Amino acid sequence: MADEVVLELRGITKRFPGVVANDHVDLDLKRGEVHALLGENGAGKSTLMNVLYGLYRHDEGEIVLNGKPTSFSSAKDAIRAGIGMVHQHFMLIPVMTAAENIVLGNEPTEGHVLLDYREARKEVDEISRTFGFFIEPDRLIQDMTVGQQQRVEIVKALYRRADILILDEPTAVLTPQEAMELFGILNSLKVEFMSIIFISHKLNEVLEIADRITVLRRGKNVGTVPREGATEPELARMMVGRDVVLRVEKGEAKPAETLLDVADLHASDDRGVAKVRGASFQVRAGEIVGIAGVDGNGQTELIDCITGLRHPESGSITVAGKPLPANASPRQVLDAGLGHVPEDRHRRGLVLDFTLAENLVLHDFEKEPNSKRGWLFPEGIVRRARGLLRQFDVRGGGAQTRAAALSGGNQQKVVLAREIGRDPRVLLAAQPTRGLDVGAIEFVHRRLVEERDKGRAILLISLELDEILSLSDRILVIYEGEIVGEYPPTVTEETLGIAMTGGTVPGEAAA
Amino acid sequence: MTEAPTPHETGQEPEPQPLGFAARFHVWQRAGGIAVPLLTTVFAFFMGGLVVLAVSHKNPLETYREIFNGSGLNWFGSFCSSSGTATSIPCVATTNLQQTLIQFTVLALTGLAVAFAFRCGMFNIGGQGQYIVGTLAAVWLGTSLSGLPPAIHVLLCIVGAALAGALWAGIAGFLKAAVGAHEVITTIMLNYIAVWTASYLISGPLQDPASENAAPISKQIDAGAQLPVIWDQDLNGGIHLPQGLHMGVFIALGALVLYWVVLNRTTLGYAVRAVGFNPEAARYGGISVSRNYFLAMAISGAFAGLAGSMDILGWQFRLDLTSVSSTGYSQIAFIGIAVALLGRNTAGGVFLAAMLFAALKTGTSTRNLDPTVFKPELANNLTQLIQGLVVLFVGADVLILYLWTKGKKLRLPTRKGSPV
């Protein structure tokens, strides 16, 4: 039974005008295996799964399910055939309970009219207990963590009798602990002979959970390998098509004077809940200080306070020796010498409808030589933009291209070009590689180390422990708005993980 | 394991799929930038044609040709050759064209008023109120301040009206900036305040007690405050037809150029556009969002106020109660919304859309349409019909664009959400 192939994709080709998204892709899925689909953003992973799930029609090739050629014209068909998909963004109704969400569209009824809620709860409870989900059927979705919501989505697929489960980047929204719990669930599903397709671009988690790994690059299957014997560098090369430096190569840090000094900072979020509660730390010239923490422990509010986007309730911030006033505007902070790579480049980092040239002068359009007495000089702005775009190797568009037309990696390079191009003393990089592929991550990391070596003080705030560990010269852990510990970069992920959730490890306490 | 490296691989290249998609989207959008408003207009006229057919049982194309001729735009092909009046004085086509251009002047300005606020991400629905305070300022300054040199008097009236409009809209801008009050609500409320303030002033302080007019009416503005007429028809014996084309058309054209220059060549325009596209990114960039909300609204109101002064100083010369009442005939600033929507908030687009609506308004006005072609009482409604259809379709087009872009991103979940 173990080697039985439940699903086969043969020569799937899907063309969009001007692009071949999938080029004769073959893939087979065995009963009871976790099959990882690995590839960079835009490699064609999601397109392939959408073909399988009946959302796209393929142009060539065939789908063979349990030995029979099949074709789905809608997701409904796919669900009926036993395929379930959990998308990155959940489709749950927040004001309804877990059980109500799970049975939605497939409700058990009493006399074909009334919803049999008791029956629904019973079934949900049964599934949840079989696989160890620990879902409370009566809990409202809005009161659940992201990890719990994801489990509700999985149970929903199981409730619809899925035996093939597609998970689209499931760990992107999870904390490391939640990801571990998810892997536990996937293992118990395997035992029940569920087949799972696990889409990801993260090498380490693919090596951890998958039985076999198929790598897509530019719409082509470049190979399927068993987990045994596969290594991160090898997979990275398959994904990108060349050797990739996974570990950032960096020399010894030579920290000099303190450039960013945050002392006893207190701040609340928009709802007035205290989020930063007495955070204090320094960043010196020529070092990268990483702040690790579980999402929602005050990182966002801390970033907003340092950059003037939020006013702290108390405490002080000093940038390059200049104390900032308590109600400093973003303008004042920028002028004090702080560069800021924001968490969310679409919401904040870029005006997507502006050209790249316009985006590059977002901070300095009112200064010479970009403008004088209110008059803009577009020619000069475009000319200087060309230089910066070349210097930062931005591809996919020129100075006059709209920012929205670029890929995520190139958009992030534009943000970096703008922030570093202003020659800041302090650079605050928040989640600088979120959503980027391996090649772009490598570029961003290398650039941050280079800027460190030029004597800038770099504050890195990230939810990716890997990134914190490989870039930082000192690691701070934030927990419930306080800096609860400082660690050298040699610290283990486990120790950080425990500190991030408020625990302490004997002997490895704060330095 | 089979790895198949392709020979031309050099470093990381832009991922093909998102780039391809985004690039296609860009091209589509740019093509759509011209094609969609055109299609919208054609479709609106098509629907209007069906109404013509249903009501008058006549060939809509005939009606449209009459409207076209009635707008005076036929003046361009052949000088004064329409309806056999080539040599007659006054020339009908010339009069019609002058009327169309007078309408264009005001429509372009009220269109710009709506468009400028749109570019800052706001919907200024209060153009009518700002227009009314503009007319009030023009009447007040035009009837007082006698004895000034004409050029200075006119200029003062124009500037005063623009400032009055700016102040009026600035209230809404200030409220949005200070307490986040939504500009749609505040500008609508300010419309009513403007209407009733005007009603009071016209039947009170500004009223002409000597007038025998049935409804209260203001005094006529000084001759020195009137905009010079640049194109009228000289009847034999030195008698001029009233309402020749006044100089305001150049002011409107100048405003269109100014609009483009401010948006594209000044730091103010940059900031306004940044706030309009993405206020959060603008704030992050060091731009004061609230300051730009206020400024954009005030500039928007200045355009509407300017429009009001054009009507007073150019041809009305006085203000009567019926023309300001909310049910009165002067709803010109509301057509400005259609102009801005159809013109896609660009200077060129507003120019064309204002010309279209001006021609339509003049061409369908009862005196220009032969009753045998179209019932006169329905002729005016045709303008409103087409205006309404354009707003509807432009609105629908925005909706389609919205769904199209969102749909691409949300496709999976929405489809998935469908019950089994």
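## Basis and confidence

The model is predicted; local features require pLDDT of at least 70 and side-chain atom pairs count only at pLDDT 80 or more, whereas totals for chains, interfaces and linings use all residues. Residues are numbered from 1 along each chain as its sequence is written, and chains are lettered from A and ligands numbered from 1 in the order in which they are written.

The average pLDDT (the predictor's confidence in each residue, from 0 to 100) of chain A is 88, and 97% of its residues score at least 70. Over residues 507–511 of chain A, pLDDT stays under 50, and the model has eight contacts beyond four places in sequence for them; two residues are in contact if their C-beta atoms, placed from the backbone, lie within 7 Å. Where pLDDT is low, the predicted coordinates should not be read in detail.

## Domains of chain A

An automatic or database domain assignment divides chain A into domain 1 (5–240), domain 2 (245–337 + 424–511) and domain 3 (350–417). The C-alpha centres of domain 1 and domain 3 of chain A are 39 Å apart.

## A four-stranded sheet

Chain A has an open sheet of four strands, ordered E2-E1-E4-E5 with antiparallel pairing. Strand E2 (19–30) and E5 of chain A are at the edges with a single partner strand each, so one side of each has no neighbour in the sheet. The twist averages 25 degrees from one strand to the next. Strands (E, at least two residues) and helices (H or I, at least four) are DSSP runs numbered from the N terminus, and two strands pair if DSSP finds at least two bridges between them.

Strand E1 (residues 5–16) and strand E4 (residues 60–65) of chain A are joined by five bridges; Thr13(A) is opposite Glu60(A), and Leu7(A) has Leu65(A) as its bridge partner. Leu65(A) also stands opposite Lys68(A) in E5(A). E4(A) and E5(A) form a hairpin with two residues between them, and Asn66(A) in the turn has a positive phi of about 50 degrees.

Eight of the 11 residues of helix H8 (residues 267–277) of chain B are buried, among them Tyr270(B) and Arg273(B). A residue is buried if 20 or more other C-beta atoms lie within 10 Å of its own, exposed if 12 or fewer, and partly exposed in between, with C-beta atoms placed from the backbone. The cover over these buried residues includes strand E20 (375–376) of chain A and H10 of chain B.

Key: Axes fitted to C-alpha atoms, helices over the stretch in contact; angles between N-to-C directions.
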